[in-house]
Amino acid sequence: MGIVKIADDLHEEARRASAVMCRSINAQAEYWMKIGMLAEANPTLSFHEIVRRQLAEAQVTTAREAA
(Lines give C-alpha, C1' and ligand atoms only; values in the text may rest on other atoms or scores of the structure.)
Protein backbone atom coordinates (compact mmCIF):
# COMPACT_ATOMS: atom_id res chain seq x y z
CA MET A 1 0.00 0.00 0.00
CA GLY A 2 1.33 3.38 -0.97
CA ILE A 3 0.47 6.96 -0.32
CA VAL A 4 -0.72 9.18 -3.15
CA LYS A 5 -0.87 12.92 -2.69
CA ILE A 6 -3.84 14.61 -4.34
CA ALA A 7 -5.10 18.17 -4.31
CA ASP A 8 -7.36 19.13 -1.41
CA ASP A 9 -10.27 19.94 -3.74
CA LEU A 10 -10.04 16.52 -5.41
CA HIS A 11 -9.92 14.85 -1.99
CA GLU A 12 -13.08 16.73 -1.03
CA GLU A 13 -14.80 15.60 -4.25
CA ALA A 14 -13.81 11.99 -3.48
CA ARG A 15 -15.13 12.37 0.07
CA ARG A 16 -18.51 13.65 -1.14
CA ALA A 17 -18.77 11.05 -3.92
CA SER A 18 -17.82 8.25 -1.54
CA ALA A 19 -20.72 9.13 0.76
CA VAL A 20 -23.20 8.99 -2.12
CA MET A 21 -21.77 5.74 -3.52
CA CYS A 22 -21.43 4.05 -0.08
CA ARG A 23 -17.67 3.58 -0.53
CA SER A 24 -14.73 4.62 1.56
CA ILE A 25 -12.75 7.60 0.28
CA ASN A 26 -9.95 5.21 -0.70
CA ALA A 27 -12.35 2.89 -2.52
CA GLN A 28 -13.84 5.86 -4.40
CA ALA A 29 -10.39 7.06 -5.47
CA GLU A 30 -9.43 3.50 -6.54
CA TYR A 31 -12.67 3.24 -8.55
CA TRP A 32 -11.99 6.52 -10.34
CA MET A 33 -8.41 5.46 -11.06
CA LYS A 34 -9.48 2.10 -12.44
CA ILE A 35 -12.17 3.62 -14.67
CA GLY A 36 -9.69 6.26 -15.84
CA MET A 37 -7.08 3.64 -16.71
CA LEU A 38 -9.65 1.57 -18.60
CA ALA A 39 -10.91 4.67 -20.44
CA GLU A 40 -7.37 5.58 -21.52
CA ALA A 41 -6.74 2.00 -22.68
CA ASN A 42 -10.10 1.89 -24.53
CA PRO A 43 -10.74 5.43 -25.81
CA THR A 44 -13.60 4.41 -28.10
CA LEU A 45 -15.70 2.90 -25.29
CA SER A 46 -18.25 4.84 -23.28
CA PHE A 47 -18.27 4.77 -19.49
CA HIS A 48 -21.31 2.48 -19.58
CA GLU A 49 -19.63 0.07 -21.98
CA ILE A 50 -16.54 -0.06 -19.76
CA VAL A 51 -18.68 -0.86 -16.72
CA ARG A 52 -20.73 -3.44 -18.67
CA ARG A 53 -17.56 -5.22 -19.78
CA GLN A 54 -16.17 -5.23 -16.25
CA LEU A 55 -19.41 -6.73 -14.94
CA ALA A 56 -19.36 -9.37 -17.67
CA GLU A 57 -15.73 -10.20 -16.90
CA ALA A 58 -16.72 -10.72 -13.26
CA GLN A 59 -19.64 -12.88 -14.45
CA VAL A 60 -22.26 -10.52 -12.98
CA THR A 61 -25.61 -10.72 -14.73
CA THR A 62 -27.64 -7.53 -14.72
CA ALA A 63 -31.44 -7.48 -14.63
CA ARG A 64 -31.46 -6.14 -18.19
CA GLU A 65 -29.40 -9.08 -19.47
CA ALA A 66 -31.52 -11.62 -17.58
CA ALA A 67 -34.71 -10.44 -19.30
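**View A. Helix 1 and helix 2 (25-41) at the largest pocket, to whose lining each supplies at least two residues.** The model is predicted: local features need pLDDT of at least 70, side-chain atom pairs count only at pLDDT 80 or more, and totals for chains, interfaces and linings use all residues. Numbering runs from 1 along each chain as its sequence is written, and side-chain values use heavy atoms, without hydrogens or water. Helices are DSSP runs of H or I with at least four residues, numbered from the N terminus. The largest pocket has a volume of about 450 Å³. Its lining consists of 14 residues, and those closest to the centre are Val4, Asn26, Ala29, Glu30 and Met33. Helix 2 gives the largest share of this lining, with six residues. By class, ten of the lining residues are nonpolar, three are polar and one is charged. (A pocket is an open set of points on a 1 Å grid over the protein atoms alone where a 1.4 Å probe fits, with protein on both sides within 12 Å along at least five of seven lines; lining residues have an atom within 4 Å of a point. Its volume is the space filled by probe spheres set on the points. Asp, Glu, Lys and Arg are charged; Ala, Val, Leu, Ile, Met, Phe, Trp, Tyr, Cys and Pro are nonpolar; the others are polar.)

**View B. The nonpolar surface patch that includes Ile6.** Val4, Ile6, Leu10 and Trp32 make this patch, which covers about 370 Å². (Patch residues have over 30% relative accessible area and no salt bridge, and nonpolar side chains are joined within 5 Å; areas come from the Shrake-Rupley method with a 1.4 Å probe.) Ile6 lies in the segment before helix 1 (8-21). Ile6 counts as partly exposed because its relative accessibility is 38%. (Buried is under 20%, exposed over 50%, and partly exposed in between.) Val4, a member of the patch, is also among the residues closest to the centre of the largest pocket.

**View C. A network of salt bridges that includes Glu12 and Arg15.** The network links Glu12, Glu13, Arg15 and Arg16. (A salt bridge is a side-chain nitrogen of Lys or Arg within 4 Å of a carboxyl oxygen of Asp or Glu; the model has five.) Between Arg15 and Glu12 the N to O distance is 2.4 Å. Both residues lie in helix 1, where three residues, or about one turn of the helix, separate them. Arg15, at 38% relative accessibility, counts as partly exposed, and Glu12 counts as partly exposed at 27%. Glu13 also belongs to helix 1 and, with a relative accessibility of 38%, counts as partly exposed.

**View D. Salt bridges of Glu49 with Arg52 and with Arg53.** Glu49 and Arg52 are joined with their closest N and O atoms 2.8 Å apart. The pair lies in helix 3 (residues 47-57), at a spacing of three residues, about one turn of the helix. For the side chains of Glu49 and Arg53 the N to O distance is 3.2 Å. Arg53 is in helix 3 as well, four residues from Glu49, again about one turn of the helix. Glu49 is partly exposed, with a relative accessible area of 22%. Arg52 counts as partly exposed at 38% relative accessibility, and Arg53 counts as partly exposed at 42%.

**View E. Positive phi at Cys22 and at Gln59.** Most residues other than glycine have a negative phi. Cys22 is not a glycine, yet its phi is positive, about 55°. Cys22 sits in the loop between helix 1 and helix 2, and it counts as exposed because its relative accessibility is 72%. Gln59, likewise not a glycine, has a positive phi of about 60°. The loop between helix 3 and helix 4 (63-66) contains Gln59, which is exposed, with a relative accessible area of 72%.

**View F. Gly36 in helix 2 and its C-alpha distance to Phe47.** The C-alpha atoms of Gly36 and Phe47 are separated by 9.4 Å, while the two residues are eleven apart along the chain. Gly36 counts as partly exposed, at 30% relative accessibility.

Conventions
Patch = residues over 30% accessible without salt bridge, like charges linked within 9 Å, V, L, I, M, F, W, Y side chains within 5 Å. Buried < 20%, exposed > 50% of the residue type's maximum accessible area, 1.4 Å probe, protein only.
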